[in-house]
Amino acid sequence: LIAKRTLKRLPNRARITAQINKGMQRANNGDDGQPISLQSNKPIVLVLGSGWAAHSLIKVVDTDKYDVVCVSPRNHFVFTPMLPSSAIGTVEFRSLLEPIRISNPFVTYLEAECTEIDVGKKHALCRAQIAYEDGRRPQFEVIYDIMVCAVGEMTATFGVPGVMEHCYFMKEITDTVGLRRRIGESFELAALPGTTEEDRRKALHFCVVGGGPTGVEFAGTLRDFVRGDLSRKYPELMADVKVTLLQSGQTILTSFTDNLQNRALETFRKTGVDVRLGVRVTEVTANKIKLKDGELIDYGICVWSTGNAARPIVQAISAQIPEQKATMEGRNPASTKLAVDPFLRIEGATDAIALGDCSRMAGRPLPATAQVAGQQGAYIARMINRGYVPGRGGLTVPFPCRRADASANGSQNGAAVDEKYYSKPFQFLSLGAMAYLGSDTAVTQLEAGKAVFDLAGYVSFLLWRSVYVTKQVSTRNRVLILFDWVKTRIFGRDLSVF
Ligand code: FAD
């Protein structure tokens with residue numbers, strides 16, 4: 001398989017040099033204070049983001065036909081479902097990442113954040129993520145032919161005071177790096193001779209807010225870490241360790257079947273995770289969590305995982321398109337998603353596509369998952385490779401599928417084009433959902449058409465592991481994850497704090 005893939009890639013490798021020579025140029029040198037403008041002799045596909053949707057697009061997009069420019073503040077893809085495992089060291093951080101420059105060397109990657117977009121003029125203004133020594137952050141603009149918005153969402157705080165300042169999130173790899181360090185520090189602090197009993201109990205109280213898959217998986221994996229590794233290294237502290245899951249609803253894992261929800265609650269009862277249902281956090285201070293009924297909870301570490309909110313760039317795009325504004329009437333701006341048609345084109349914009357968590361298909365809402373984002377990215381890459389013609393009927397007719405010229409001419413002349421030349425709308429194939437509960441137990445909801453099957457326990461855990469290892473985006477990552485699991489089984493998790 002590896003030999004076959006290498007042989008397939010060889011012709012691509014030979015094209016690299018030619019492409020760089022012919023490729024993107026800068027329109028000015030930026031000395032006049034104006035942003036540098038990127039130009040190309042091929043249509044430019046601007047991809048915003050390097051997450052699940054953008055990455056699956058970048059992997060397969062045809063860079064012979066288009067200059068693909070990827071703008072994202074992080075230069076790598078993150079395998080988000082394993083972030084909880086990396087926060088406690090079951091797998092190493094780097095095993096979850098793939099640099100965009102490796103994913104597709106023919107794509108121009110620029111480490112920047114898109115700050116403004118004029119969807120009418122097709123201009124995107126971007127600001128570098130890293131600053132020069134004197135604090136300047138260079139700006140540049142991309143005049144695109146097709147824009148693919150795949151910026152995902154950010155963690156929602158629901159305006160709860162203190163969350164931003166005192167809580168840990170689990171969205172980016174930097175979040176889990178900080179969290180892992182803090183967990184190690186908490187144990188070292190608690191083990192110091194001068195630490196009082198009260199301080200020790202506070203330091204070792206880990207609170208997770210949010211009973212969705214992320215919060216549940218983190219609570220379960222943290223319990224594994226405490227019972228499996230820390231109990232051997234800090235036996236005297238074990239009586240003071242507590243893991244609490246705070247959930248505003250009356251159950252956890254609400255997207256799973258009732259049976260699996262009950263199974264998850266039962267597993268947590270057995271493994272000692274304290275699940276508190278129907279509690280709402282109203283404020284977080286440096287060492288206390290305040291609940292709606294006035295109760296104050298002392299804590300050492302609080303992990304916030306309660307849902308997502310729109311990024312500013314998505315709100316800005318939505319605000320300039322009347323069709324988008326209309327769909328948002330009466331809603332909270334933080335819940336903005338870009339309304340797309342069945343071909344994932346942003347309603348009311350030309351040659352603009354939105355994928356993944358930041359998009360919403362009108363009338364057919366899809367879950368905000370990696371599964372959806374990955375399938376959408378691959379779908380759009382295939383459409384683009386089949387000859388999407390910017391500006392020529394891109395919005396008024398479905399994507400040309402078999403013969404780009406036929407549908408482009410058809411749409412120009414206003415003549416009907418044979419349906420066989422059109423692509424099919426995006427169809428999401430749901431394979432189900434999984435969540436790890438700790439103690440080598442997981443819950444799996446398998447879907448085949450309308451039939452739903454439940455699976456829980458050790459077999460589900462084995463399935464969870466095999467799915468996650470096969471879903472890794474490269475052979476390198478698959479091997480790294482397998483090594484990490486074997487290493488953890490034999491030697492335990494690394495406890496060094498740095
Ligand atoms: P993201 O993957 O979030 O990527 C967004 C990208 O946009 C990032 O690269 C970001 O840096 C970039 N960006 C942000 N702002 C800008 C800007 N202004 N300009 C340019 N780029 C920008 N889903 C599942 O299906 N199964 C699971 O088991 C699962 N587990 C999860 C566990 C965790 C801890 C988390 C956080 C999520 C999990 N999800 C899971 C959900 C899944 O990760 C998301 O649905 C998925 O990441 C959405 O993909 P996306 O491409 O839309 O956005």
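The shell around the ligand draws residues from both domain 1 (2–153 + 310–386) and domain 2 (163–308 + 430–491), so the ligand lies between the two domains. Domain bounds come from an automatic or database domain assignment. The model is predicted; local features need pLDDT of at least 70, side-chain atom pairs count only at pLDDT 80 or more, and totals for chains, interfaces and linings use all residues. Residue numbers start from 1 along each chain as its sequence is written.

Around the ligand there are 34 residues, of which Gly 49, Gly 51, Gly 152, Gly 356 and Thr 369 come nearest; a residue is near a molecule if its C-beta atom, placed from the backbone, lies within 6 Å of it. By class, the shell holds 19 nonpolar, 10 polar and 5 charged residues, where Ala, Val, Leu, Ile, Met, Phe, Trp, Tyr, Cys and Pro count as nonpolar, Asp, Glu, Lys and Arg as charged, and the others, Gly among them, as polar. At least two shell residues each are supplied by helix H2 (52–60), strand S4 (67–72), helix H3 (83–87), strand S7 (108–118), helix H8 (213–233) and helix H12 (370–385). Helices (H or I, at least four residues) and strands (E, at least two) are DSSP runs, numbered from the N terminus.

The centres of domain 1 and domain 2, taken over C-alpha atoms, are separated by 31 Å. Contacts link 26 residues of domain 1 with 26 residues of domain 2, a contact being two residues whose C-beta atoms, placed from the backbone, lie within 7 Å. On the side of domain 1 that touches domain 2, strand S5 (76–78), H3 and strand S6 (97–99) give two or more residues. H3 provides the largest share of that side, 5 residues. The side of domain 1 that touches domain 2 comprises 15 nonpolar, 7 polar and 4 charged residues.
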